[in-house]
Each structure stands twice: as structure tokens, then as C-alpha cells.
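I am opening a notebook on a structure that is new to me. The entries below record what I looked up, topic by topic.

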Amino acid sequence: MLVSIFNDVIGPVMRGPSSSHCAAALRIGRLARDLMGADFQEVLVEFDRQGSLPTTHESQGSDMGLFGGLLGWDAADERLPGSPQALRDMGVSIRIETVDTGDEHPNTYRLTLRNLHGEQHTVIAISTGGGMMEVINLDGFAVSLFGDYHETLMSVIGNGADLLKRLTALDGVDEVLLHEHCGKQLVEVKAAHFLSDETIAELRKVCPILSVKRLARVLPIASRKDTRVPFTTCEEMLAYDAARNIPLWKLAAEYEMTRGNLTEAEVIAKMVDIVRILRRSIQQGIAGTQYDDRVLGHQSGKFNELMQAGRLLNGGVLNRIVLYVTALMEVKSSMGVIVAAPTAGACAALPGAVIAMAEEMKLSEEAMAKAMLASGLIGAFIATRWTFAAEVGGCQAEGGSAAAMAAAALVTLADGNLQQAVAAASMAFQSMLGLICDPVANRVEVPCLGKNVLAASNAVSCANMALADYDPVIPFDEVIQTAQRVAAQMPRELRCTALGGLSITKTSLAIEAKLTAKKEAACGAPACGCTR
Ligand code: SF4
């Protein structure tokens, strides 16, 4: 699937500590719910022992997201923290088990759902970072579903090829696929709309269809048959620009207009909406947030007081950036609404830097949106070739990407040229290579706050260096390739498993034990929401 800035990079608008856990799991849950027609009483969730989820699914929000999705909720639904209980209250039994399946991807979800009528379905899906996911297996059929289409699935025996021919000829159908498994056939129809009951009734007259399932699109930007983008790498973008020096934000708008079939005004308006959500969240964070299950309390309030009173060291605009980054991280950790940009763990560096800097420069929300768009294109290059998932790439995938994106955005705010924006991204990413992911107490707070501040500060420095025409030496695409290579050399313990780094210090383990005990005492059940 071609990357979309609004699908894969700046978004989803969500609640929860981690987009690769909460938002992606929620999307997987929504698709699984649709597969069952919202009728299920038993859920079995299995995680591979060697993956990242056995140690992180509860504390980093996979359970909350997955169960919210099974309930049909939205990623920003305020009821999400209570989703395990809500599912139990509906009489659904949930089992979460660690198994030895040797799954290739560290974020693999294996779901088995059953209802009282004996219907059972299985789903295997992977969370690929920043809230994106891919369903790779349905009921034993190898598939590839990203949630970018309305999918009509028809189970047939022996007549799949005939059905495929008839469906391919239908107007409004983007793609028809025939999957085979153990003598059974599954016909998958990808389209902007579900096949209607009338169409299916017509098909049934000539082709026996055993069952029909409809899985609704879960991504904001739909794909379509002729989906294309003008470029997929930084090098291709520079060739497309052909020394015309088109501003990076405009190239980003062109990219998303082609990808999402949108006008430039629609692209900008969508990003202005996101900027408004972020500005509200910043104010909410500074005003104070409360949530029991977190490591850090409200720190941005005092920082703001001291900053207003002139009692902090003179960091210039950096102090406001630190304030905004902290506020956004506090909102995230208290299950408030944030935007994964590019992920929930690294949700604060980019918007904190852009909004604080733009406010200092007295720029409009539209200028902020254009800077965010520029950052979105840098993120699209990363997402196309690599990942934002810390489980794959460590914090260089989250914080590193955020720093590169923020640096390009800041150059855009300063009216820097295209070469400078790309140079800033390259320099910022270079200095984040090798960053490990080791969340304290298995919560996405410490050292995540510091890493977001580091990414934003690094971005300011690199933006200024780029504006002064510093030479990044290594092209941005090569830095992405390097991050990927470095990730392959990083041990699993340092890639968001909470099995290494600061996660296993005496203090971290003690905080985790205390938070778990507190949570279990409060809800009177295992904190993971299991009923075993
Ligand atoms: S250390 Fe970085 S990658 Fe890991 S959870 Fe924190 S912000 Fe995300």
C-alpha cells in the first residue's frame, strides 16, 4: 500500500500511550469485530514468546486498543481505558496467552473469536508502527489487508474463479482476489463501498456463496485502483523538483493530493484541523492532567510558572518547546487525545517544536499546517522504506524519525528552501541513530519525555545549521537505510520489549510492580483484563 501522510505519518488522532499498541490494535479489533458481525462471546489472543507483546501488551495499551476495537469504538473514544471491563460486562470471555509460534514480526496478534452459534474465525495481524497494521491471515487464508478499503469477503467452494471473473467486470470494484486454503476458497473484493445485497443476490443465482462478510475501512484515506504518488524517495522528489525549488510543504501537498484524491485546499484544511487538536491538547496538558497508572505527575505546570516568571535559564524559544513537548506527553500518558506524529510515543517532539516556534514567530495556523505537511513528507519517505515501530527499530525509528520530520518543518517555518529542509532532516536523523527503546516501568513516559525533548532540540539546531547551508554529507535516503541496518544489529532487548536498558533497573522494576499492584487492587482482576 502506498503511504499516505494522513494514514501513516501524521495520525491517527487517538488516546493511549503507544500507537503501535493502542491504535493499531484497535484497528485490528475493529476488523475482527466485523468478521464476526459484532457477535462473539469468546476471544483468545495469542502472542509469540519471542515478540515484544508478551511483556508490553497490557502496560502499553494493546489490550485497551484491541478490546476497544472489538467493541467498535474509535481510537479517540474517551471510554477506551475501560474497554477490558466493558467487554467483560458484555459477557465476553477473554484469554490472553503466550505461545511459541515463531512469528517473524515482533508485533504479531493472533486472534480466535467464537460465538454461541458455533461460528469461529481467526485473524493474524501485525502492527507495523505509528498505528498502521496489516492483516496477514484470515481463517487460514494468506491475505494482505491494510484497512484502506471496504472489503467484501465471500466464502465459496470451487466456483471462486467464475465469481472472480464476474466481479472484475463490475463497476466500482477496485480489486478482486481469490485466496485458496485446504480446498476452500475466499473471494476478496476491495472497493470504496461494500457489494450490495442486490449484487450478492444476483451473484448467488449463478455461483453458490456460502457466506458473506463485510469489513469496513479503518484508515482515514482510502486507496483506489489508480492510486499513485509522484515520488517515494527523497532522491526521486529532488529529481521531480528539477531545481525548481518548490517548497517542501507544496511537494507534500502534491503528494497527498495524488495519494488521497484530494485538492490542495482539502489537504491543508485537514492539517489545520490536526493543528487545532494539538493546540487544544497542549493547553489541556499545561492546565494539568490526572491519571493513576503513570510514572510521572504533572510537571509542565511548574515549568510554565517558572518560565513565565523568567526563572529558567535563557533557552530562548527552546523553553517554550520543552513546555509544549511536556504538555503533550502528559496528555498522552493520561489517556487524553493526541495525534501520533509519527507515533504516540514520539507524539510531542514535532508538534511541540512546530507550534511553539510558530507562536514565537507569530505565524498562523495555516503556516503551522504547512510545516506539518513538510514534516509529513519526510515521514512518508521513512514509512515507505522503513518503519516507525520501535519494536523493529528501537527509538531511532520513533524519536529519530520525529527529529528528522521536525527539523524539516522548522526550516519550512523559516521559509528555508527545499535543499535546506532536506539537509535539516538528514542531519537530525544522523544524530539519533542507534537510539534504544527502553521504557521505564513498561510505560511510555521515561525516558520518552527526554527523548522527545532531545528530538525537538536537535531539530531546532539542525534547522538553523541547514538554514546556514551546513553540509549534511549523507543524503537523507542513505540515512534511512543506515537506520534500518543499525536496527538489524540491535538486540531484541533494546527494541521496546522492556527487557533491557533502563527498563530493567531496580527502580524501574519497583515502579512497575507498584503500578501493577495498584491497578489490580483498583479493579479486582488481573491488570491485563484476562479472565482465565
Ligand atoms: S523510548 Fe522511544 S521508542 Fe521507546 S517507548 Fe519511549 S519514545 Fe517510544
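Predicted model: local features only at pLDDT ≥ 70, side-chain atom pairs only at ≥ 80, totals over all residues.

**Entry 1**

**Entry 2. Cysteines**

I then looked up two cysteines to see why.

I took C22 and looked for its closest cysteine sulfur, which is in C496.

C347 has a relative accessibility of 1%, so I list C347 as buried.

**Entry 3. The largest cavity**

I asked how many cavities of 30 Å³ or more there are. The count is two.

The largest cavity has a volume of about 190 Å³. Its lining is made of 20 residues, and those closest to the centre are G345, C395, E398, V444 and C448. Helix 16 (395–413) and helix 18 are the elements that each give two or more residues to this lining. By class I wrote down twelve nonpolar, five polar and three charged residues for the lining of the largest cavity.

**Entry 4. The second largest cavity**

I put the volume of the second largest cavity down as about 90 Å³. Its lining includes R294, Q299, T326, E330, V444 and L449. Which helix gives the largest share of this lining? Helix 12, residues 317–333, does, with five residues. The classes come out as four nonpolar, four polar and four charged.

I marked V444 in both lists: V444 is among the residues closest to the centre of the largest cavity, and V444 also lines the second largest cavity.

**Entry 5. The second largest pocket**

I turned to an open space next. The second largest pocket has a volume of about 420 Å³. It is lined by 20 residues, and P12, V13, R27, L219 and P220 lie nearest its centre. Helix 2 (19–35) and helix 10 (264–287) each supply at least two residues of that lining. I recorded 13 nonpolar residues, one polar and six charged for the lining of this pocket.

**Entry 6. K451**

I located K451 in helix 18, which covers residues 448–467. Is K451 buried or exposed? Its relative accessibility is 12%, under the 20% limit, so K451 counts as buried.

I looked for what the side chain of K451 reaches, and found the backbone oxygen of I436 at 2.6 Å. Apart from neighbours within four places in sequence, K451 is in contact with C395, M432, L435, I436, C437 and D438. C395 had already come up, among the residues closest to the centre of the largest cavity.

**Entry 7. F381**

I found F381 in helix 14, residues 365–385. F381 is buried because its relative accessibility is 1%. Leaving out neighbours within four places in sequence, I listed its contacts as F231, T232, T233, C234, M237, F476 and I480.

I also checked F381 against H179, which is 202 residues away along the chain. The C-alpha atoms of F381 and H179 are separated by 31 Å.

How values were computed
Residues numbered from 1 in each chain as written. Heavy atoms only, no water. Disulfide = S-S within 2.5 Å. Buried < 20%, exposed > 50% of the residue type's maximum accessible area, 1.4 Å probe, protein only. Helix = DSSP H or I, 4+ residues; strand = E, 2+ residues; numbered from the N terminus. Polar contact = N/O pair within 3.5 Å; in protein donor to acceptor, adjacent residues only side chain to side chain. Contact = heavy atoms within 4.5 Å. 1 Å grid on protein atoms, 1.4 Å probe; cavity = no way out; pocket = protein on both sides within 12 Å on 5 of 7 lines; lining within 4 Å. Points joined across faces, edges and corners; volume = space filled by probe spheres on them. Nonpolar A, V, L, I, M, F, W, Y, C, P; charged D, E, K, R; others polar.
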